[in-house]
Amino acid sequence: MGIVKLIIVVLVVWLGFSVWRKLRQPKNNNVPQPSSTKMVSCSVCKTHVPENEAIIKDGQVFCSTKCLG
Ligand SMILES: [Zn+2]
């Protein structure tokens, strides 16, 4: 009985560890666009503007207040 319990414990720990690693990896490796400007297109005039300069309202992207209004 002791061996079976030990195997189960090892399996659970290993499983937890591999899941933990899987969850951690994308955060460390998969950062293709950290803070570099991501381009988004205005939903009115289709102009591409950097995401940090775009105006996002109700899930829609606007290049300027002109398109927003
Ligand atoms: Zn626009």
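**Notebook: fold, cysteines and positive phi values**

I began with the overall fold: the protein chain holds 2 helices and 4 strands. Here helices (H or I, at least four residues) and strands (E, at least two) are DSSP runs, numbered from the N terminus. I noted that the model is predicted, that local features need pLDDT of at least 70, that side-chain atom pairs count only at pLDDT 80 or more, and that totals for chains, interfaces and linings use all residues. Residue numbers start from 1 along each chain as its sequence is written.

I then read the order of elements along the sequence, which is α-β-β-β-β-α. Next I looked up burial, where a residue is buried with 20 or more other C-beta atoms within 10 Å of its own, exposed with 12 or fewer, and partly exposed in between, the C-beta atoms being placed from the backbone. Of the 69 residues of the protein chain, 4% count as buried.

For contacts I used C-beta atoms, placed from the backbone, that lie within 7 Å of each other. Among contacts between residues at least 6 apart in sequence, 3% join residues at least 24 apart.

**Cys-42**

I located Cys-42 in the loop between β1 (39–41) and β2 (48–50). Is Cys-42 buried, partly exposed or exposed? Cys-42 is partly exposed, because 19 other C-beta atoms lie within 10 Å. Leaving aside neighbours within four places in sequence, I found Cys-42 in contact with Thr-47, Val-49, Val-61, Phe-62, Cys-63 and Cys-67. I also checked Ile-55, which is 13 residues from Cys-42 in sequence and 8.8 Å away in space, C-alpha to C-alpha.

**Cys-45**

I placed Cys-45 in the loop between β1 and β2. Cys-45 has 12 other C-beta atoms within 10 Å and is therefore exposed. Beyond neighbours within four places in sequence, Cys-45 is in contact with Cys-63 and Cys-67. I read a C-alpha separation of 8.3 Å between Cys-45 and Phe-62, which are 17 residues apart along the chain.

**Positive phi values**

I recalled that most residues other than glycine have a negative phi. Which phi does Lys-46 have? The phi of Lys-46 is near 65°, a positive value in a residue other than glycine. Lys-46 is in the loop between β1 and β2, and is exposed because 9 other C-beta atoms lie within 10 Å.

Asp-58, likewise not a glycine, has a positive phi of about 55°. I found Asp-58 in the loop between β3 (55–57) and β4 (60–62). Asp-58 has 4 C-beta neighbours inside 10 Å and so counts as exposed.

Note on methods
Two residues are in contact if their C-beta atoms, placed from the backbone, lie within 7 Å.
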